[in-house]
Amino acid sequence: MRRIPLADESWVDVIEGFVPDAERQFAELHEAAPWQQMEVLRYDHYVGERRLGAGLRADDRALLRQVGLHLEAAYRVPFTGVAALLYRSGDDFQGLHSDRELRWLDDTRIAIVVLGQRRPFVFRRRVPWAQVVERIPAGTDPDDIILTPGEGDLLVMGGASQRDWLHGVPRADTANPRISLTWRWTSRRGRPDTNPTYYEGRQYSDRPRQPGSRPRWA
């Protein structure tokens, strides 16, 4: 395991080649997972995310069970999951964000197993919301931290990484797909984050409040 300090209270652990026979595991999940298109509310209408998602039962596959057992033994906290994301090609992406749905962000663990194509995974220190981070594309700021997980690697973001840092998967020059599997835990200590998350959308009309995201079968 290699630990990369992001700041005094934030870090990311990397284990390369964590998943044995990662190519076969990727092929089986790519074929069998119930992939669906998620739509996110943006102001007053829904737009499709540039990736597919699936919820998986942690006891459905030996891979998921074994990763969960390893995480709980290594970090001694009860992770929840498993969420799966499919980036079909380099045109699918995820903008810079943090996993603020957890609400308590002072001490979290976000574990991600990455199967398939290696692509940039970018970390950027959070700035005041008045500054729009998308003005500088992810991975182009000289202060960005860029990793390239794939082929069965494991990343674990910890400490205050969701409070103080953003992460994202920018567009990439590849036609090959990538799958990420995510487990989460929060200590529920500190002050909860009450700001709207990326997925809640914004509404400026008299229409009834709509949900922030909804599935659409791919």
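Me: In this predicted model, what covers the buried residues of α1?
Reply: Helix α1 spans residues 22-32, and its buried residues are Ala 22, Gln 25, Phe 26 and Leu 29. The elements that cover them include α2, β7 (108-116) and β12 (178-186).

Me: How wide an arc do the buried residues of α1 cover around the axis?
Reply: The residues in question are Ala 22, Gln 25, Phe 26 and Leu 29. They lie on the same side of α1, because their arc around the axis is only 100 degrees.

Me: Which exposed residues does the face of α1 turned away from its buried side carry?
Reply: An α-helix has 3.6 residues a turn, so residues three or four places apart point the same way. On α1, the face turned away from the buried side has two names to give. The exposed residues there are Glu 23 and Glu 31.

Me: Are the rings of Trp 11 and Tyr 75 stacked or edge-to-face?
Reply: A pair of aromatic rings is described by the distance of the centres and the angle of the planes. Here the centres are 6.3 Å apart and the planes meet at 10 degrees. Planes under 30 degrees apart count as stacked. The pair is therefore stacked.

Me: How many residues apart are Trp 11 and Tyr 75?
Reply: The pair links distant parts of the chain. Trp 11 belongs to strand β2 (residues 10-15), and Tyr 75 to helix α2 (residues 62-75). Their separation is 64 residues.

Me: Is Trp 11 buried or exposed?
Reply: The cut-off for buried is under 20% relative accessible area. Trp 11 has 12% relative accessibility, so Trp 11 counts as buried.

Me: What angle lies between the planes of Tyr 75 and Phe 79?
Reply: Both residues are buried. Their rings form an edge-to-face aromatic pair, 6.3 Å centre to centre. The angle between the planes is 70 degrees.

Me: Which charged end sits over the ring of Trp 11?
Reply: Ring pairs link Trp 11 into a cluster with Tyr 75 and Phe 79. A charged end sits 3.7 Å from the centre of the Trp 11 ring. That end belongs to Arg 3.

Me: What is the relative accessible area of Arg 76?
Reply: Arg 76 is in the loop between α2 and β5. Its phi is positive, near 55 degrees. Arg 76 is exposed, because its relative accessible area is 75%.

Terms used
Residues numbered from 1 in each chain as written. Predicted model: local features only at pLDDT ≥ 70, side-chain atom pairs only at ≥ 80, totals over all residues. Heavy atoms only, no water. Phe/Tyr/Trp six-rings, centres within 6.5 Å; stacked < 30°, edge-to-face > 60°. Helix = DSSP H or I, 4+ residues; strand = E, 2+ residues; numbered from the N terminus. Buried < 20%, exposed > 50% of the residue type's maximum accessible area, 1.4 Å probe, protein only. Lys NZ or Arg CZ within 6 Å of the ring centre and 35° of its normal. Arc of directions from axis to C-beta. Contact = heavy atoms within 4.5 Å.
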